[in-house]
Amino acid sequence: MSDSSLITQLTDAFRCLPGVGPKTAQRMVLHLLERDRDGGRRLASKLALAMEAVGNCESCRNLTEATVCEICCDPRREARTLCVVETPADVLAIEHSGSYRGYYFVLMGCLSPIDGIGPAEIGIDALLKRCQKSIEEVILAVGSTIEGEATAHYISEVVKPLGVQVSRIAHGIPLGGELEFVDGGTLSHALQGRKIL
Amino acid sequence: MPESVTHRAYILHARRYRDTSLLADIFTLEEGRYSVVIRGARGGKSGRQGLAQLFSPLLVSVFGRGELKTAGAIEAARAGYRLAGENLLIGMYVNELLYRVLGKYEKLPHLYTQYELLLEELGQGHFAPIQIRRFELSLLASLGYGITFDVDAESGEPIDANGQYHFIAEQGFQRTEGGINESFSGRHLISIASGEYGVACEPLLKHVVRKSLRPLLGGKPLNSRALFEGRAG
């Protein structure tokens with residue numbers, strides 16, 4: 001196969017997916033061409049549609065093809081709490097847990113000055129605007145990394161002056177976890193964040 | 001097994017690389033700053049994900065001959081510094097500064113020690129802007145841009161305690177007859193030269209350090225400054 005053949009080009013295109021190397025990409029391409037042309041066509045058309053139509057929700061910045069996403073449009077949700085997460089995947093994870101009924105705000109990353117991600121990139125202005133609409137508590141559900149900590153601190157500093165309560169989700173021992181297998185950092189966090197019974 | 005060497009290191013910055021690895025810029029005691037791929041540092045079964053964090057003293061064993069090394073194993077040298085709140089943002093500022101101005105494989109053991117001391121102070125919850133200024137001064141000195149506080153750069157004479165001076169980047173202090181903005185009293189310069197950094201010297205140092213760092217940053221401002229702008233503190 002020459003370098004410019006469609007098959008090679010398609011194989012290269014598949015490699016933009018995470019976890020897909022040259023071998024996997026080749027297997028995907030051959031599968032679609034040999035056995036599943038319909039599936040391939042469907043993939044191509046949906047991909048083209050989604051890439052054009054999907055943008056960010058005006059209210060929470062989550063990915064959606066509508067101006068305002070489904071969650072933000074749902075009037076049955078608790079209007080007083082706003083859960084701040086890093087990525088759209090985090091929204092899905094919290095939704096699946098079924099333990100939260102409020103609204104969301106997606107930062108689309110966390111503060112990382114070296115990568116050029118500052119307050120403007122994580123949408124601080126939009127968040128502040130969102131907080132002015134009947135929000136009483138902002139729950140920070142950002143990762144337990146240094147960047148996550150910094151993001152949480154920064155947001156709490158800018159949100160608190162609005163008179164909104166700011167909380168952070170707990171972190172520590174996982175459910176069903178045994179202490180001896182938990183790393184030292186997590187353990188010391190868990191001890192610091194202990195609860196009076 | 002390829003030959004590896006163990007370096008004492010701090011991660012300055014890391015980004016995701018492949019499925020479970022990190023591509024990290026590390027600042028080491030032995031070899032200065034360089035880039036390294038840390039395998040299995042995110043998720044996976046290695047149990048290393050909690051280790052590869054900023055502000056944690058690490059022992060990194062690296063191998064590879066090219067520009068980009070691979071970390072075979074990483075270990076915590078001891079518990080990481082627990083920077084919290086505002087000090088965390090300051091730590092990120094310091095990391096960005098080092099990331100921007102340090103060349104690769106430039107051995108700077110003294111600066112490494114200063115960095116460690118600064119993290120320790122920040123980790124204990126202390127913060128005085130003067131500590132940051134002191135670190136910035138030793139950074140400049142390590143890179144060969146040290147500032148002389150006790151000699152007039154123009155005449156070569158010692159600084160006069162009653163004189164007024166202004167600062168020119170990459171040159172030093174020059175006597176001025178006043179009337180120029182941003183002039184500083186000789187008394188403050190002398191006290192800085194003797195290692196006494198009073199609170200009154202802070203604005204002077206800030207001005208001098210910023211002016212000296214500007215050419216090193218290549219005209220692009222530090223992104224972390226945005227973290228401190230537009231709010232109190």
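# A guided look at chains A and B

In this predicted model, 5 strands of chain B close into a barrel with mixed pairing, in the order β1-β2-β3-β5-β4.

Visitor: By how many degrees does the twist of this barrel average from one strand to the next?

Guide: The barrel of chain B is made of 5 strands, and its pairing is mixed. Going from one strand to the next, the twist averages 55°.

Visitor: Which residue of β5(B) is the bridge partner of Val62(B)?

Guide: Strand β4 of chain B covers residues 58-63 and strand β5 of chain B covers residues 69-76; the two run antiparallel and are joined by 6 bridges. Within this pairing, the partner of Val62(B) in β5(B) is Ala71(B).

Visitor: Why does Asp19(B) count as partly exposed, and what is its relative accessible area?

Guide: Asp19(B) sits in the loop between β1 (5-17) and β2 (21-28) of chain B. Partly exposed residues are those between the buried limit of under 20% and the exposed limit of over 50%. Asp19(B) is partly exposed because its relative accessible area is 47%.

Visitor: Which residues is Asp19(B) in contact with, leaving aside its neighbours within four places in sequence?

Guide: In space, the C-alpha atoms of Asp19(B) and Gly40(B) are 8.4 Å apart, although 21 residues separate the two in sequence. With neighbours within four places left aside, the contacts of Asp19(B) include one residue of chain B and also reach chain A, the residues being Arg42(B), Pro18(A) and Gly19(A).

Visitor: Which residue in the turn between β6(B) and β7(B) has a positive phi?

Guide: Strand β6 (residues 164-168) of chain B runs antiparallel to β7(B), and 5 bridges join them. One facing pair in these strands is Tyr165(B) opposite Arg175(B). The two strands form a hairpin with 3 residues between them, and the turn residue with a positive phi, of about 65°, is Glu170(B).

Visitor: Is Gln174(B) buried or exposed?

Guide: Gln174(B) has its place in strand β7 of chain B, a strand (residues 172-176) that is mostly covered, with 4 of its 5 residues buried. Not counting residues up to four places away in sequence, Gln174(B) touches several others, among them Asp152(B), Glu154(B), Tyr165(B) and Ile168(B). Since a residue under 20% relative accessible area is called buried, the value of 11% for Gln174(B) makes this residue buried.

Visitor: How far apart are the C-alpha atoms of Ala141(B) and Glu67(B)?

Guide: Ala141(B) belongs to helix α3 (residues 129-142) of chain B, and with 47% relative accessibility it counts as partly exposed. Along the chain, Ala141(B) and Glu67(B) are 74 residues apart, and the separation of their C-alpha atoms is 26 Å.

Visitor: What percentage of the residues of chain B count as buried?

Guide: Chain B contains 6 helices and 8 strands, which run β-β-β-β-β-α-α-α-β-β-β-α-α-α from the N terminus on. Its C-alpha trace spans about 65 × 40 × 30 Å along the principal axes, and the chain exposes about 11400 Å², of which carbon and sulfur atoms supply 49%. Of its 233 residues, the share that counts as buried is 47%.

Visitor: Which strands are at the edges of the open sheet in chain A?

Guide: The open sheet of chain A has 4 strands in the order β4-β3-β5-β6, with parallel pairing. An edge strand pairs on one side only, and the strands that do so here are β4 (103-106) and β6 (165-168) of chain A.

Visitor: At about what angle to β6(A) does helix α7 of chain A run?

Guide: Strand β5 (residues 137-141) of chain A runs parallel to β6(A) and is joined to it by 4 bridges, with Val138(A) having Val166(A) as its bridge partner in β6(A). Helix α5 (residues 88-97) of chain A lies across β3, β4 and β5 of chain A, at about 155° to β4(A). Helix α7 (residues 146-159) of chain A lies across β3, β5 and β6 of chain A, and its angle to β6(A) is about 170°.

Methods:
Residues numbered from 1 in each chain as written. Chains lettered and ligands numbered in written order. Predicted model: local features only at pLDDT ≥ 70, side-chain atom pairs only at ≥ 80, totals over all residues. Heavy atoms only, no water. Buried < 20%, exposed > 50% of the residue type's maximum accessible area, 1.4 Å probe, protein only. Pairing = 2+ DSSP bridges. Contact = heavy atoms within 4.5 Å. Axes fitted to C-alpha atoms, helices over the stretch in contact; angles between N-to-C directions. Areas by Shrake-Rupley, 256 points an atom, 1.4 Å probe, with all protein chains shown as cover.
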